[in-house]
Amino acid sequence: MSGLNASLGYFLAVVIFAASVRTLLKKWPRFSFVSEFASSFMLVACWLEVQTIVEVGEWAGGLGPDVTVTILFVVLLTHGVICGGASGNPTLVVLKFLQLEATTLPSLLAVTSQFLGAHLGLLVAVYYWSLELTDMHMIKNLMARECSTSLLVSLLQGFFTECVCALILHLIHLNLQRRSALIRVPLIAVLLTFLSHTARGYTSAYMNPSLAYGLTFHCPGFTFTEYAVVYWLGPLTGMTLALLLYIGHIPRIFAKNLLYFQKTRFRVPKGDKGDKGEKKKM
């Protein structure tokens, strides 16, 4: 339990940092893209510790799969509550750009901030492991240089897995985007936890390019380009397909609806009918 207590303290410190950044940025709306930095940092830093509990804690700390799944859900739920509109996910930024809800420069700044936050989250986690506060973290520190990749299948299977999971995620996200946060945030957290746990033997279903960059790109086994095909191109393809299926077109690229045709109905006002009757009498 000492290992779990240390992890909970680490989670708390990361959450406080992210929440503090979000609070400070409310005074400077122009720098709102920095909130994406804090969001991505929190997501990567916490998820790396969850990975540690999954890889090491289940046999070194006596923590069962039910504990690790619960911790992941709590992390995702807390992230959704604390970070609010800052998703920490480049695919959601690109989604807003394709929907004409964001312009080019803010989108580029947000994506850049997300990857910088992910890199800082990785550095902080590695430093935390190097402190070796518990046996679990001592073992993780020894394993850090030879970490195991999350991509356990071929590139084609990995691309397909990330694409399908991203398609499901974004379809549900698009349907829930106008719902109350009390409904949307827990449902998205449940969905992310379910997909990640289900795809654990394939790609872990990160569906988030910056998250994958912080969690598995530094691990041996595949090249940077191969990782990018699976964890960047896969989620972006799934997101684009979800948007196309949801509204029938990509607003940023073309306006014509390719899938759904809306019938326009013209109704003649009652006043016009009376005018026509008067003209007939004359």
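Modeller: Helix α3 covers residues 65-83, and its 19 residues should span 27 Å at 1.5 Å a residue; the end C-alpha atoms are 27 Å apart, so the two agree. The expected span is 1.5 Å times one less than the number of residues. Helices here (H or I, at least four residues) and strands (E, at least two) are DSSP runs, numbered from the N terminus.

This is a predicted model, in which local features need pLDDT of at least 70 and side-chain atom pairs count only at pLDDT 80 or more, while totals for chains, interfaces and linings use all residues. Residues are numbered from 1 along each chain as its sequence is written, and side-chain values use heavy atoms, with hydrogens and water left out.

Colleague: Which residues of α3 are buried?

Modeller: They are T68, I71, L72, V75, L76, H79, G80 and C83. Buried means under 20% relative accessible area, exposed over 50%, and partly exposed in between (1.4 Å probe, protein chains only). An α-helix has 3.6 residues a turn, so residues three or four places apart point the same way. Just after α3, G84 has a positive phi of about 60°.

Colleague: What makes the contact of K140 and E55 a salt bridge?

Modeller: The term asks for a side-chain nitrogen of Lys or Arg within 4 Å of a carboxyl oxygen of Asp or Glu. For K140 and E55 the N to O distance is 3.0 Å, and the pair therefore qualifies. A search of the whole structure finds one salt bridge. The pair links distant parts of the chain, K140 in helix α6 (residues 135-143) and E55 in helix α2 (residues 34-60), 85 residues apart.

Colleague: Why is K140 called buried, and what is E55 called?

Modeller: K140 has a relative accessible area of 4%, so K140 is buried. E55 has 24% and is therefore partly exposed.

Colleague: How do you know that C147 and C219 form a disulfide?

Modeller: A disulfide is a pair of cysteine sulfur atoms within 2.5 Å. The sulfur atoms of C147 and C219 are 2.0 Å apart, so the pair meets that rule. The count by this rule comes to one disulfide. C147 lies in the loop between α6 and α7 and C219 in the loop between α9 and α10 (224-247), so the link ties together parts 72 residues apart in sequence. C147 counts as buried at 10% relative accessibility, and C219 is buried at 4%.

Colleague: What lines the largest pocket?

Modeller: Its lining has 41 residues, of which G84, G85, A86, S87 and L92 lie nearest the centre. α8 gives the most to this lining, with six residues. On a 1 Å grid over the protein atoms alone, a pocket is an open set of points where a 1.4 Å probe fits, with protein on both sides within 12 Å along at least five of seven lines; lining residues have an atom within 4 Å of a point.
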